[in-house]
Amino acid sequence: PFLTSPDPPAHHAMYWMTPCIAFSILVGLGLDYDVFFMESVVEHFDAGYSSREAVVEALRHTGTIICVAGVIMFLAFGSLLIGASPMINQLAFHLCVGVLIDCFVTTKVIIPCAMAMLDLLPGNANFWPRKPPPALTEPTVEPLPPLRRLGSLRNSLSDNARRSAMSPHGVRSMQSPA
């Protein structure tokens with residue numbers, strides 16, 4: 001295997017395809033983790049938290065999930081290190097290191113710090129060009145009536161509908177209600 005091989009390859013070089021493949025896979029995984037985190041930040045910001053509070057709450061809610069997903073991907077990519085192919089070993093090594101850096105450094109340190117620095121700018125630079133949510137106000141919708149009244153209301157409505165569809169002699173009218 002790559003890490004325990006007693007005799008390394010004679011040319012001591014990296015395969016040219018390994019960085020290309022590893023980069024594309026890591027960008028996809030990194031974006032997936034970051035989109036998950038940023039969606040949580042936006043949800044908290046829309047709920048009325050300040051920009052910094054939204055980042056802290058999002059990190060609190062998604063940080064563990066992102067770490068567990070990163071560890072699972074590390075174990076999956078690490079299993080490729082067992083093989084005998086040097087190219088697969090190199091790819092697995094790059095993917096393992098990249099996933100750990102993305103999960104534990106980029107998502108947990110760099111992005112929250114960058115958002116904290118953007119929060120120092122005038123306006124709300126973290127969510128530009130998006131406008132901040134309107135101020136939360138008391139709801140204007142009236143509460144529903146108790147269930148007892150709903151049942152009697154439904155019965156009275158259905159009785160009125162039956163009466164209006166019947167003629168005075170108890171025979172159904174042929175006219176459609178207007």
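**Entry 1: the core.** I began with the largest nonpolar core, which has 19 residues, and looked up the members that touch the most others: F37, V41, F77 and M115. I am working with a predicted model here. With 7 residues, α3 gives the most.

**Entry 2: a look at F77.** I picked F77 from that group and set aside its neighbours within four places in sequence. What is F77 in contact with then? I found I25, L29, A92, L95, C96 and V99.

**Entry 3: two helices side by side.** I learned that two packed helices are described by the angle between their axes and the distance between those axes. For α2 and α3, I noted an angle of about 175° and axes 9 Å apart. Angles over 145 degrees count as roughly antiparallel, so α2 is roughly antiparallel to α3. I then sorted the contact of α2 with α3 by class and got 18 nonpolar, 5 polar and 2 charged residues.

**Entry 4: stepping back.** How many helices and strands are there in the protein? I counted 4 helices and 0 strands, and from the N terminus on the elements run α-α-α-α. The protein has 178 residues, and 22% of them are buried.

**Entry 5: contacts and surface.** I looked at contacts with a separation of 6 or more, and 70% of them come from residues 24 or more positions apart. Last, I checked the surface: the protein exposes about 12800 Å², with 69% of it supplied by carbon and sulfur atoms.

Technical notes: Residues numbered from 1 in each chain as written. Predicted model: local features only at pLDDT ≥ 70, side-chain atom pairs only at ≥ 80, totals over all residues. Heavy atoms only, no water. Core = buried A, V, L, I, M, F, W, Y, C linked by side-chain atoms within 4.5 Å. Buried < 20%, exposed > 50% of the residue type's maximum accessible area, 1.4 Å probe, protein only. Helix = DSSP H or I, 4+ residues; strand = E, 2+ residues; numbered from the N terminus. Contact = heavy atoms within 4.5 Å. Axes fitted to C-alpha atoms, helices over the stretch in contact; angles between N-to-C directions. Parallel < 35°, antiparallel > 145°, perpendicular 65-115°, else oblique. Nonpolar A, V, L, I, M, F, W, Y, C, P; charged D, E, K, R; others polar. Areas by Shrake-Rupley, 256 points an atom, 1.4 Å probe, with all protein chains shown as cover.
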